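Biologist: I have not looked at this structure before. Could you take me through its features and show me how to read each one?

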There are 2 protein chains.
Amino acid sequence: MRRSQRLAVIIRELVERPGRVIPLGYFAERLGAAKSSLSEDLALVREAFASNGLGQVETIPGAAGGVIYRPSLTPARMQEIASKFCQRLADPKRILPGGFLYLTDLISDPFLLAEVAEVFVSRWHQLHPGGFAPDHVVTVETRGIPVAVMTARALGVPLVIIRRQALLTEGPVVTVNYLSGSRRVETMSLPRRALVEEAKVVLVDDFMKAGGTVRGMLELMEEFGAKVLGVAVLVETAEPAEKPIADYLSIARLLWVDDVSRTLAVEPAPWLQQLEAPARESASAIAACEAEHDSVK
Amino acid sequence: MRRSQRLAVIIRELVERPGRVIPLGYFAERLGAAKSSLSEDLALVREAFASNGLGQVETIPGAAGGVIYRPSLTPARMQEIASKFCQRLADPKRILPGGFLYLTDLISDPFLLAEVAEVFVSRWHQLHPGGFAPDHVVTVETRGIPVAVMTARALGVPLVIIRRQALLTEGPVVTVNYLSGSRRVETMSLPRRALVEEAKVVLVDDFMKAGGTVRGMLELMEEFGAKVLGVAVLVETAEPAEKPIADYLSIARLLWVDDVSRTLAVEPAPWLQQLEAPARESASAIAACEAEHDSVK
């Protein structure tokens, strides 16, 4: 097999399985390659990925070793993804009666969500240089599921979906009641066998306003003795400023929506704006996405 | 930029965006490469993918042209994925009181689902050699969402999630009532603006027994004037043999579950067993996965 063919196989396998260790023996056998050529191939891939901002390729020595690929976006690329997201979010046609926003298309666009997931995962890896290895991504039905699926894929771990109502078909469950943002009592349930003992988890959802849903998820995780390593949402609201947790990631911050004048304002999340060395293009994209519109359709 | 670097960028971009046309100009600019080198690179990638069963890379000429990658698994690989899935499904520890099966871990494993999605998409492309281009993947909450997300990603189209209850926050909705498998009246709702006019769609769900859910989805699609190009489920049951549609894909067929003796039997879906040239390994895996177990931890 020629080098270009070997590179194609290696890169496709790595990119399709982020966060998972692929044994060197798998590649050696599949490629029919000697260890020395394989080492050269992997060095080429590692360097190509590093110098083009495509992610980190790491070789882990030892019997349980192999190659692992992790998304690792540059600050400029993260800001670019957030700006693009904000531009789509800032469309006043999204405004529904009551000041709600139509988000259904955004929360179910697989490519957009794959990019957003890479932002979350890249950031978590940066914040935990010693290693970031949750056992599960946890979300609650329904609208957070697509972004949670993509985050689970980017981390290389299984997804766990909390249900609003316990299902007969999932065996024994743990249920918590919590107070929603609108001060109603809501329920969350998770099958007993969905999480391993002392699991480390990240929580992912689509939207955080007062944070009632995240609070419910935190309570349920406590019942399972799980450790929450991180929380991420697609969109947060500026008001109320107080959220149930201090540290979380979001992509966009909704400043306000006015359904009478049909205007809204959105900006990339504060942590993204504070990243060093913002690219010039994203700075102007941020400005563009803060623009307000006064006509619809 | 050296060839290995250019190949790394091209392959990663293609694999991350299946089903989407990436303009040649994008690569030319990003790689700083002349058209002639780019053509050579793409020819290398195309050949490497074709000869290693990694998928099809096609160059589309013209102003709106570019490069497109489509998953295209060999029959042996599809059978291997199905066998692996059946082996996991056939674990008698999954049996719950009432003859239900615990599937929660399977329907939310992102890599397993990415592979399953490639099986669906590869098969649809084979069945429609003139081109298979749905506008949306449609599913219904909750358990079908992860596999539908991955199918949407593999096709390069947005996902649409039908709700069991209409949400205030999604604008005007269309609602249908339908009879479930257990003869109860159930409801499905979809926002008016979720589908384009005369949309072409595929329907994806986790499980099909009598097919009540699929029938409800078909009815709702009719209300939207949408054309259903394909239906795919992860698991179908052998009984009842009559389903609401003749043509659909599944990965595994559940032959029976007995919650008294704690035994079950599963096999790869009939269409997968009938594919030409089954690999010897998958034939033996099929046999293994039909084995019955009579003890549970």
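**Reading the sheets, helices and cores**

Modeller: Start with a sheet in chain B: six strands make an open sheet in the order 6-5-9-10-11-12, and the pairing is mixed. Keep in mind that this is a predicted model.

Biologist: Which strands stand at the edges of that sheet?

Modeller: Strand 6 (159–162) and strand 12 (263–268) of chain B do. Each has a single partner strand, so one side of each is left without a neighbour in the sheet. On average, neighbouring strands of this sheet are turned by 25 degrees against each other, direction ignored.

Biologist: How many bridges join strand 10 of chain B to strand 11 of chain B?

Modeller: In general, strands of a sheet pair through backbone hydrogen bonds, either parallel or antiparallel. Here strand 10 (residues 227–237) and strand 11 (residues 249–258) of chain B run parallel and are joined by five bridges. Opposite B:Glu236 stands B:Arg253 in strand 11 of chain B.

Biologist: Now chain A. In what order do the strands of its open sheet come?

Modeller: The order is 4-3-7-8-9-10, with six strands and mixed pairing. Strand 4 (159–162) and strand 10 (263–268) of chain A are the edge strands, each pairing on one side only. From one strand to the next, the twist averages 25 degrees.

Biologist: Which strands of chain A run parallel to strand 7 of chain A?

Modeller: Strand 3 (residues 136–140) of chain A is one, joined to strand 7 (residues 200–208) of chain A by three bridges. A:Val138 has A:Leu203 in strand 7 of chain A as its bridge partner. Strand 8 of chain A also pairs with strand 7 of chain A in the parallel sense, over eight bridges. There, A:Val201 has A:Val228 in strand 8 of chain A as its bridge partner.

Biologist: Why is strand 7 of chain A largely enclosed by the rest of the structure?

Modeller: Seven of its nine residues are buried, so strand 7 of chain A is largely enclosed. Strand 10 of chain A is mostly covered, with six of its six residues buried.

Biologist: In which sense does strand 10 of chain A pair with strand 9 of chain A, parallel or antiparallel?

Modeller: They pair in the antiparallel sense, over six bridges. A:Leu254 has A:Val266 in strand 10 of chain A as its bridge partner. The hairpin of these two strands has four residues between the strands, and A:Arg262 takes a positive phi near 55 degrees in it. Helix 4 (residues 75–89) of chain A lies across strand 8, strand 9 and strand 10 of chain A, at about 170 degrees to strand 10 of chain A.

Biologist: At what angle do helix 6 of chain A and helix 6 of chain B cross?

Modeller: Their axes cross at roughly 70 degrees and come within 9 Å; each helix covers residues 145–155. That makes helix 6 of chain A roughly perpendicular to helix 6 of chain B. By class, their contact has eight nonpolar, no polar and two charged residues. Among the residues that meet are A:Val149, A:Met150 and A:Arg153 in helix 6 of chain A, and B:Val149, B:Met150 and B:Arg153 in helix 6 of chain B.

Biologist: Which residues touch the most other members of the largest nonpolar core?

Modeller: A:Trp124 and B:Trp124 do, in a core of 100 residues. Beyond its neighbours within four places in sequence, A:Trp124 is in contact with residues including A:Phe132, A:Leu155, A:Val202 and A:Leu249. A second, separate core has 42 residues, among them A:Leu31, B:Ile10, B:Leu54 and B:Val57.

Notes: Residues are numbered from 1 along each chain as its sequence is written. Chains are lettered from A and ligands numbered from 1 in the order in which they are written. This is a predicted model: local features need pLDDT of at least 70, side-chain atom pairs count only at pLDDT 80 or more; totals for chains, interfaces and linings use all residues. Side-chain values use heavy atoms; hydrogens and water are left out. A nonpolar core is a set of buried Ala, Val, Leu, Ile, Met, Phe, Trp, Tyr and Cys residues joined through side-chain atoms within 4.5 Å. Buried means under 20% relative accessible area, exposed over 50%, partly exposed in between (1.4 Å probe, protein chains only). Contact means heavy atoms within 4.5 Å. Axes are lines fitted to C-alpha atoms, for helices over the stretch in contact, and angles run from 0 to 180 degrees between N-to-C directions. Angles under 35 degrees count as roughly parallel, over 145 as roughly antiparallel, 65 to 115 as roughly perpendicular and the rest as oblique. Ala, Val, Leu, Ile, Met, Phe, Trp, Tyr, Cys and Pro count as nonpolar, Asp, Glu, Lys and Arg as charged, and the others, Gly among them, as polar. Two strands pair if DSSP finds at least two bridges between them.
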